[in-house]
Every structure is written in structure tokens, then in C-alpha cells.
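Hello,

Here is the structure for you to look through. My notes follow below it.

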Amino acid sequence: MLKLENISKQYHSKVVLENINLEIESGEIVSLLGQSGSGKTTLLNIILGLTKMDNGRILFNDQDLTNVKMKDRGFNIVFQDYALFPHLTAYENIIYGLKNKRGSVSEAELQEYIDFLELKPHLQKKIGELSGGQKQRVALARTLVMKPKILLLDEPLSALDGVIKESIKERIKSIAKEFQLTTIIVTHDPEEALTLSDKILIIDQGNISQFGTPQEIIHHPKNEFVKEFILKQLQIKRQNIFQLFGEQYA
Amino acid sequence: MLNVRPEMKVIYTSILIVFLLFLLLPMGTLLLRSFETAEGYSLTNYYNVLSNSELLTAFVNSIKISGLTAIITTILAFMIAYALNCTNIYRPLKSVIKMGILIPMLLPTITYGFAIMYSFGNQGLITQLLGKPLFDIYGFNGLLMGYVIYTLPAAFLLINNSFMYIDKKFIIVSKLMMDGSMRSFLNTIIRPMLGALGGAFVLSFILSFTDYGIPASIGGTYSVVATQLYQVMLGSIPNFNHGAVIAVLMLVPALFGVVLLNYLERFNFHYDKFSQIEMVENKIRDIILGFISIIVLMGMLSIFLVMFIAPFLTSFPYDLTVTMQHFINVFTSNDLTAVYKNSLIVAFFTTVVGIILAYSSAILNTRTGLKGRVAFDVVSMITNTLPGMVLGLSYLLLFNGSSLKGTFTIIIVCNIVHYFTTPYLMAKNSLSKMNPSWETTGGLLGDSWFKTVYRVIIPNSASTVIEMFSYYFINSMVTISGIIFLVSAQTSLVSSKIKELQHFAKFNEIFVLSLLIFFTNLIVKLICDYLQKKQSVKNF
């Protein structure tokens with residue numbers, strides 16, 4: 001279980017995060033949802049250990065990680081643009097970290113990850129030859145073989161188009177399930193957050209606006225911001241789709 | 001791409017004629033003269049030059065010292081760029097380092113030599129402070145020091161620029177993948193920087209190999225190619241044909257360097273995109289790198305310090321009473337004020353005409369469908385390769401008998417061609433990023449092509465034009481290699497006057513003139529930076 005207590009952060013007297021309290025159960029997928037500048041990426045970087053917080057504590061399975069360095073926390077991240085090494089092949093990227101952690105993953109396990117992400121046909125390709133979805137899967141594989149205790153994903157779908165988006169979404173869900181992996185996702189897209197995660201943390205101007213399951217958020221929006229920012233967008237989308245297909249498909 | 005219009009063809013042809021007359025023809029003449037002997041054309045000159053042990057020593061010396069300079073400069077420039085880009089050093093300190101490192105660019109290289117003499121010579125400022133001379137400065141040591149100071153800003157700019165385009169997220173990824181510091185450093189910094197580091201090495205090598213100012217002032221008995229070339233051309237027994245051979249031989253490493261640079265280009269990483277990210281905290285790294293940067297900067301600036309002190313004293317270091325006499329002397333001497341005026345005139349016309357030429361070339365190259373527009377890329381590659389001394393010498397050979405000899409025009413043209421590459425690439429870079437349909441849009445709204453260029457294209461690249469201005473102006477104020485063969489008694493410039501004053505040991509006047517160049521350039525640079533900043537604020 002990951003527990004955040006009273007986390008605050010300021011950048012040059014501008015408050016970015018204020019008193020964030022949060023508990024995430026093991027194996028849960030949680031989305032951090034907010035507009036740009038809301039503080040969601042900062043929160044992700046604080047959990048990762050990249051950004052220092054001003055106040056508060058981070059606990060993982062009752063162990064205090066507040067002053068533990070990024071490298072020693074055992075969490076890992078896939079960045080929005082994947083940050084794959086362009087001079088290495090897909091395979092070399094995947095096993096990049098294994099060279100530092102010999103024996104942590106057996107050959108069979110490695111193959112399992114590769115098969116699971118359907119990367120076999122692409123292993124010898126250079127990064128430049130891969131499509132967006134393939135890059136995303138290589139980046140996931142590279143991170144997963146490090147066996148992170150928590151998987152962090154920064155806008156994992158924003159660079160992908162339509163159909164690929166849906167398939168990666170399913171993939172992320174099955175990863176969390178298959179490996180019982182706590183997954184935290186940053187996104188600005190309500191539809192993405194609500195269809196992908198077990199729980200959603202809506203952040204507005206550095207404060208928690210609402211934290212709950214998709215159902216809770218849809219049926220019991222806590223405030224005007226959630227109604228305006230989250231629900232309205234989804235209602236418009238629903239409207240458009242109804243108009244396309246006709247009401248009977250509702 | 002826009003349809004070709006007659007007015008484009010006219011501009012295209014005019015520019016090509018300029019380069020034909022002032023680049024290809026002089027180069028051809030140079031090559032021809034290098035083969036010319038009393039008995040017709042042969043390799044005799046080459047044979048003579050290469051069997052002359054004195055010249056051969058100069059070549060070996062030049063290669064040795066330029067190579068060593070390049071190694072030292074690349075390492076220093078890299079460390080400073082690393083400190084600026086990959087640490088959490090206090091921001092204002094970073095800005096100071098970044099600006100300070102560029103200061104030598106505002107001075108002619110010939111001044112460096114005198115500053116080193118007055119700092120590290122037997123009676124020098126730093127020698128006095130330390131109590132004893134550190135090393136013999138005339139010859140190898142002084143040259144090395146001068147070359148490093150000269151090449152450091154250029155190498156730094158190149159490396160620093162590449163650093164900005166490196167995705168620092170990889171440093172985080174590498175940390176999370178449990179890399180040790182060495183593997184992390186090699187994979188996320190050195191590997192993506194390989195091209196730039198090689199580039200900085202080659203650039204530093206070529207710059208020191210072809211510079212004339214530093215060996216002219218502090219070379220002592222250590223002979224290098226540049227001083228040999230000057231000797232052969234303007235010494236007691238001039239031999240133009242041998243001079244041409246040396247110039248051609250000087251061109252060889254430069255040619256080789258440019259080929260190497262293009263090859264190294266392949267090693268550059270092209271990240272899809274990159275975003276800003278926080279640097280991992282590491283106090284020890286920050287302190288060490290901050291310390292190194294400050295030491296390098298202070299070391300460099302301390303050498304120039306004497307330049308700001310000596311001219312205010314009666315006779316440094318013997319009579320230390322403060323006086324304005326040297327300044328009064330310079331400003332009341334018609335000779336010296338005329339020289340300063342000459343420099344301003346040359347810099348002004350070089351800049352204005354140079355910008356028009358480079359900007360027009362870039363527009364035709366990037367925003368029209370003209371056949372043969374690649375010609376400008378070829379020209380810019382040639383001018384990039386040409387050392388100033390070689391270009392100046394080829395002008396001397398070609399225009400010696402013509403009415404252009406001894407005029408400002410020939411100096412201005414030489415500067416424009418010599419420094420063409422960078423402003424051209426600046427303009428090209430900015431013009432190619434603009435929306436390609438603006439001319440069509442302008443046309444549909446009733447503009448002529450000229451009108452769209454004037455109303456849309458130029459205003460949207462104002463910031464680049466200002467940058468071009470600053471580059472052309474400052475370089476034509478400080479160049480000596482390019483113009484040393486072209487100045488006459490009437491068209492003498494500050495940098496060449498300094499060389500003359502050296503013969504009469506008038507070092508105070510040398511420093512006063514250097515300060516004049518320095519402050520003129522500083523003012524131009526500050527104004528340009530300010531205007532550029534204002535532009536970018538306006539646009540975003």
C-alpha cells in the first residue's frame with residue numbers, strides 16, 4: 001500500500017501542491033487527472049523521488065520513503081515520449097537495465113515479458129523504425145523487467161492514435177492484473193482516466209478535488225469543478241456518439 | 001513551394017556573380033599561382049616549400065600546438081557546458097559563467113598575446129602577484145594559452161548548444177535502471193554528445209591552425225604556419241608563389257576538418273522531442289563542477305584584467321601613478337581616431353551588406369523553388385572552410401593590379417565572404433521553420449512577392465536578423481587574419497594598427513585601442529541581446 005501524507009510543494013512561492021493525502025492499495029490502477037498546470041505531474045515526480053517535496057511523508061508498505069533516494073525506492077516510470085535510447089535496438093533497450101541487475105530476471109521470464117507485449121517480431125529494429133504503439137510497448141517492457149514495486153506512467157496514451165490507444169489501454173490493465181502491479185497514471189483526459197483505472201484522483205490547482213471510483217465520480221460528483229471539467233466533457237462526447245449511432249444503441 | 005518569379009532570378013544571378021568574382025575567381029587564382037613558376041606551371045613551388053626545413057617545422061609545430069589546444073579546449077568547454085546544463089548550480093551563477101566565457105570573442109586575437117605578456121611576462125601583473133614568473137610565455141606556452149582562450153568560446157557555444165538538445169530524461173531513466181555513474185555518464189551524456197565533442201575538437205583545431213593574431217603577438221621564435229605565410233608574403237623578400245603554396249597547404253587541414261565535421265554529424269542524436277526535467281540532486285557534483293567553471297573563467301578573465309588597468313597608469317609596472325594621458329593621447333592623435341573610425345565604417349558596411357546578401361541567399365534557398373538554389377549551400381560550405389588569411393591572400397593576388405587595391409570595398413567584401421556561413425545558416429534555420437504557405441497567402445491577399453517578404457517574412461525573423469547583425473559586426477571589428485594582407489596606410493583598421501604599434505612597443509596605445517574595440521562590441525552585443533529579447537517576448 002502506498003500512502004501519501006500531507007504532501008505540499010511550492011515553486012518560488014507558487015503553490016503547486018497543497019496537503020495531498022492519499023492511499024493506494026496494492027494492484028490498483030490509479031489515475032491522476034487534471035488540467036495542465038494542476039500539479040499532477042509534480043505529484044508523480046514526487047512519488048518517483050525525482051522532485052523533492054516541501055512537506056509531508058510517503059509510506060510504502062509502512063516503510064517511510066520520504067528521504068529515500070529515487071534510485072533506492074524501487075519505483076519506475078515510463079515517460080510520455082518513452083525516452084528510448086535511439087542508438088540501441090528494441091531488444092537492447094529492453095535488457096538495458098538487466099545488465100546492472102544480473103540474475104534478477106531469468107531468460108524465461110524475459111521471454112514471457114516479450115511475448116506478453118507481443119514484441120518478438122520487433123526486437124532487432126532500431127527505435128526509429130518502430131511505430132508509436134511499438135515504442136510504448138518496448139518502453140513498458142524495459143521498465144517491467146526491472147520489476148518495479150510501483151509502475152508510473154506519464155500520459156501513456158497521449159501520443160497514440162485511435163485503435164492503438166484502446167489496445168494499449170487493455171494492455172496496461174492486463175499488466176496490472178497479471179503482475180499484481182500498483183500502477184499510477186498521469187492523464188488530462190477524463191475518458192481515458194475513467195475507463196482505465198480503478199480509482200481516479202482529480203486534482204485542481206494543487207488540491208484534491210475528488211478521489212473515488214469511476215462510478216462515484218460519474219454519479220456523485222463532489223463539486224462544480226468535477227461537474228464542469230469532467231462530466232460535461234463526457235456528456236458532450238456521449239451526445240455526439242448517440243447522434244452518430246442513434247439513441248437505440250445507448 | 002512558390003512559383004519562380006523573374007525578380008527571384010535577378011537576385012539569384014546577382015548573388016552568384018558576387019560569389020563568382022569574390023570567391024571562386026580568387027580561389028582559382030590562388031591555386032594557379034601556387035603552380036606558377038618562371039618556366040611555366042609545375043609542382044616546383046610545392047617541392048621548394050615542402051623541402052624548406054623551416055617551413056616544414058612550422059607545419060609540424062602548427063599541427064602539434066593546434067592539436068593540443070583542441071584537446072584542452074574541448075575538455076574545458078565540455079566541463080563548463082556540463083556544469084551549465086546538468087547540474088543544479090545557482091542560476092545567476094550559471095548566467096554569469098555563460099556570459100563571461102564569451103568575453104574573448106569581443107577582442108581581436110592579437111590583443112590576447114599582449115594581455116598574456118602583461119600578465120605572465122617577467123614584469124607582468126600576475127607574475128608580480130605571484131612573486132615569480134610561472135613559465136616562459138614567449139613561444140609554445142603563450143601560444144597555447146592564447147589559442148585556448150581564443151577557441152574556448154566557440155567550442156563552448158557548439159557543445160552548449162548540443163547539450164540543450166539532449167533529452168535529460170535519459171539521465172533519470174538510466175538512474176532508474178540502476179546504472180552506475182560511469183555507465184550513466186557514457187550512455188546519456190557522452191554518447192549523444194560524441195558528434196558535438198568531435199566537432200568542437202575539429203573547430204578548435206582549425207581556428208588555432210589558421211589564426212594570425214596570437215602568433216603575431218606572442219609567438220616568439222616558435223614558428224607556425226600563419227606567421228610563415230605572413231613572412232613569405234610581406235617579409236623582406238616576398239615570394240607570392242610560395243605564399244600561394246602555403247595558403248593552399250593551410251587550406252588542407254581546414255578541408256579535412258570540414259569533411260570530418262560532416263562525418264561526425266552522423267553521430268548526433270536526433271531525439272523526437274525533449275522536455276525540461278529536474279536534475280537529480282548531487283551537491284558534490286555541483287560543487288566540483290561549479291568550482292572548475294569559476295576557476296576557468298577567472299583564469300581567463302584575470303589575463304585580460306591587466307588590459308583594464310595598464311592604460312590608466314603612467315608606465316605599468318614601473319610607474320603606477322594613475323593617469324588619463326594614454327587615452328588623451330589616443331583621442332587627440334588623428335592617426336588613431338582615424339583608425340577607429342575606419343574600423344567602424346568597415347564593420348557597419350560589412351554588417352549591412354552582409355546581412356542583405358546572407359538573408360537573400362537564405363530566402364532563395366529555403367522559400368522558393370528556384371533551380372540551382374543549392375548553390376548557396378555549396379558557397380556556405382566553401383566559405384566555412386576558408387581561413388581568413390587564405391581568402392585575404394587570394395584577394396591580394398587577384399586584385400593587386402586593380403583599382404580595388406587598398407580600398408575599403410575590398411576589405412568589406414573580404415569580411416562579408418569570410419564570415420558568410422554563420423549568418424546564412426542562422427537565416428536559413430529561421431526561414432525554413434516558418435509556415436511555407438505565407439507567400440501564397442500574401443499573394444492571395446494581393447501582395448507582390450517583395451511585399452510579402454517585407455510585410456511578413458522579415459518581421460517574423462527580426463530576432464534572427466538582429467543575431468546576424470551582432471555576429472557580422474563583432475567579427476569584422478576583431479578580425480585580423482582576414483584583412484592583414486588587404487589594409488593600406490589609408491584603410492588601416494584597429495586590429496592591424498595594433499600590429500603596427502607593436503613594432504614601436506606602444507603597448508598602452510594597444511590596450512586603449514583594444515578597449516575601444518571591446519566596449520564598442522560590448523555595447524553592440526548588449527543592444528542586440530536586448531532587442532532580441534524584446535522580440536521574443538513580443539512573439540510568445
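**Salt bridges and who is exposed**

A:Glu109 has a relative accessible area of 25% and is partly exposed (buried is under 20%, exposed over 50%, partly exposed in between; 1.4 Å probe, protein chains only). Its partner in a salt bridge is A:Lys147, with the closest N and O atoms 2.8 Å apart. A salt bridge here is a side-chain nitrogen of Lys or Arg within 4 Å of a carboxyl oxygen of Asp or Glu. A:Lys147 is partly exposed too, at 39% relative accessibility.

This is a predicted model: local features need pLDDT of at least 70, side-chain atom pairs count only at pLDDT 80 or more, and totals for chains, interfaces and linings use all residues. Residues are numbered from 1 along each chain as its sequence is written, chains are lettered from A and ligands numbered from 1 in the order in which they are written, and side-chain values use heavy atoms, leaving out hydrogens and water.

Over all chains there are 25 salt bridges. Why can such pairs form? Side chains of opposite charge can pair when their charged atoms come close.

B:Lys169 and A:Asp81 form a salt bridge at 3.0 Å, N to O. Both residues are buried.

B:Glu281 and A:Lys52 also form a salt bridge, with their closest N and O atoms 3.9 Å apart. B:Glu281 is partly exposed at 47% relative accessibility. A:Lys52 is exposed, at 56% relative accessible area.

Please check these pairs in the viewer.

Best wishes
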